[in-house]
Amino acid sequence: MAHVEIDSDSGFCPGVVTAIRKAEAELEKSGTLYCLGDIVHNSNEVERLKQKGLITITHEDLKNLHNVKVLLRAHGEPPTTYEIARQNGIEIIDATCPVVLKLQQRIHKSFTSEAHPQIVIYGKLGHAEVNGLVGQTGGEAVVVEDISGVDKVDFSRNIALYSQTTKSREGLKEIEEEIMRRQPKGEFECHDTICRQVANRMPRLHKFAGAHELILFVSGKKSSNGMILYTECKSVNPNTKMIYSEHDIDEKWLENVETIGICGATSTPSWLMDNVKQYVTKLLENR
């Protein structure tokens, strides 16, 4: 029977772990808690916490709530969210990741400095973390998803480039080089603000993907980090399959392979990877 292994480095990053622990602690006390947006970009984990009493809300919902407790997830929020909560008597349970919080503070300090550079953020437009970062500039920051987005940058101004914490270092390097190539007239600073918990997973993930004949990459459909890590896996091992749960597995994938690796995003719960391993093992045993 084929050997099945779960990557020990995959699964929740510390920021997500903290957010979920805070949510579970409050749910144990009161049985109900509101969360602004999906607590993590994994529908299976969101559903698990929903069964415990976690209610996911939108920013529009927040405006109509009063005198309740609301969890802010690891992605962070712009200043306007805190102001709405203050006005509505909402108690905030703040689970913003310390890495994201520090980045928000750096961007705000840079934006309000005497140099007042144009803030450019390498990230996914509309992503929760990016919205929080843009909020530190009153909505003025320029969000760049790829090289083509550099067209939006005003090269006559000073430029300060930052990155969404879950983006790839290679992608940030490309944006930096493209800005340099276009010869900005003012000062240009590039700040590598990618979370090392994410960046350091890359080389270990490459090694893990190369050590197995088949890779089952478990991720949520909304996970930006999941797509990045999946692409990295596939670049090393073309026989990498993206799945959202054990129910997405095609039994034909397991034919004629001796080693199967299971890994996932920073938003993938360990229990879900365990479910995948148990399911695969059962399929192999029933052959």
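Hi everyone, thanks for coming. Please keep in mind throughout that we are looking at a predicted model.

Let's begin with a sheet. It is an open sheet of 4 strands, in the order S1-S12-S10-S11, and the pairing is parallel. At the edges sit strand S1, residues 3–6, and strand S11, residues 240–243, each pairing on one side only. From one strand to the next, the twist averages 20 degrees.

Now zoom in on strand S10, residues 214–218. S10 runs parallel to S11, and 4 bridges join the two.

Next stop, strand S8, residues 159–163. How many of its 5 residues are buried? The count is 5 of 5, so to speak a mostly covered strand, where buried means under 20% relative accessible area. In a regular strand the side chains alternate between the two faces of the sheet. In S8, Ile 159, Leu 161 and Ser 163 are on one side, with Ala 160 and Tyr 162 on the other, and both faces are covered.

And the neighbours of S8? Strand S6, residues 118–122, runs parallel to S8 and is joined to it by 5 bridges. There, Ile 121 stands opposite Tyr 162 of S8. Strand S9, residues 188–190, is also parallel to S8, with 3 bridges between them, and Phe 188 in S9 is the bridge partner of Ile 159. To get from S8 to S9, the chain passes through helix H7, residues 169–181, in a right-handed β-α-β crossover.

Let's turn to a pair of helices. Helix H1, residues 14–30, packs against helix H2, residues 43–50, at an angle of about 20 degrees, and their axes are 11 Å apart. Angles under 35 degrees count as roughly parallel, so H1 is roughly parallel to H2. Their crossing is right-handed. The residues making the contact are Ile 20, Glu 24 and Leu 27 from H1, and Glu 45, Arg 48 and Leu 49 from H2.

Last, a few loop residues. Most residues other than glycine have a negative phi, and most peptide bonds are trans. Here are two residues with a positive value. His 116 is not a glycine, yet has a positive phi of about 40 degrees. You will find His 116 in the loop between helix H5, residues 98–111, and S6, and its relative accessible area of 34% makes it partly exposed.

Then there is Asn 256, with a phi near 60 degrees. Where is Asn 256? Look in the loop between S11 and S12. Asn 256 counts as exposed, at 75% relative accessibility.

Glu 213 is partly exposed, with a relative accessible area of 35%. Beyond its neighbours within four places in sequence, Glu 213 is in contact with residues including Asn 237, Asn 256 and Thr 259.

That's my tour, thank you!

Note on methods:
Residues numbered from 1 in each chain as written. Predicted model: local features only at pLDDT ≥ 70, side-chain atom pairs only at ≥ 80, totals over all residues. Heavy atoms only, no water. Pairing = 2+ DSSP bridges. Axes fitted to C-alpha atoms, helices over the stretch in contact; angles between N-to-C directions. Buried < 20%, exposed > 50% of the residue type's maximum accessible area, 1.4 Å probe, protein only. Right-handed = clockwise from strand over helix to strand, strands pointing away. Parallel < 35°, antiparallel > 145°, perpendicular 65-115°, else oblique. Left-handed = near helix turned anticlockwise from the far one by under 90°. Contact = heavy atoms within 4.5 Å.
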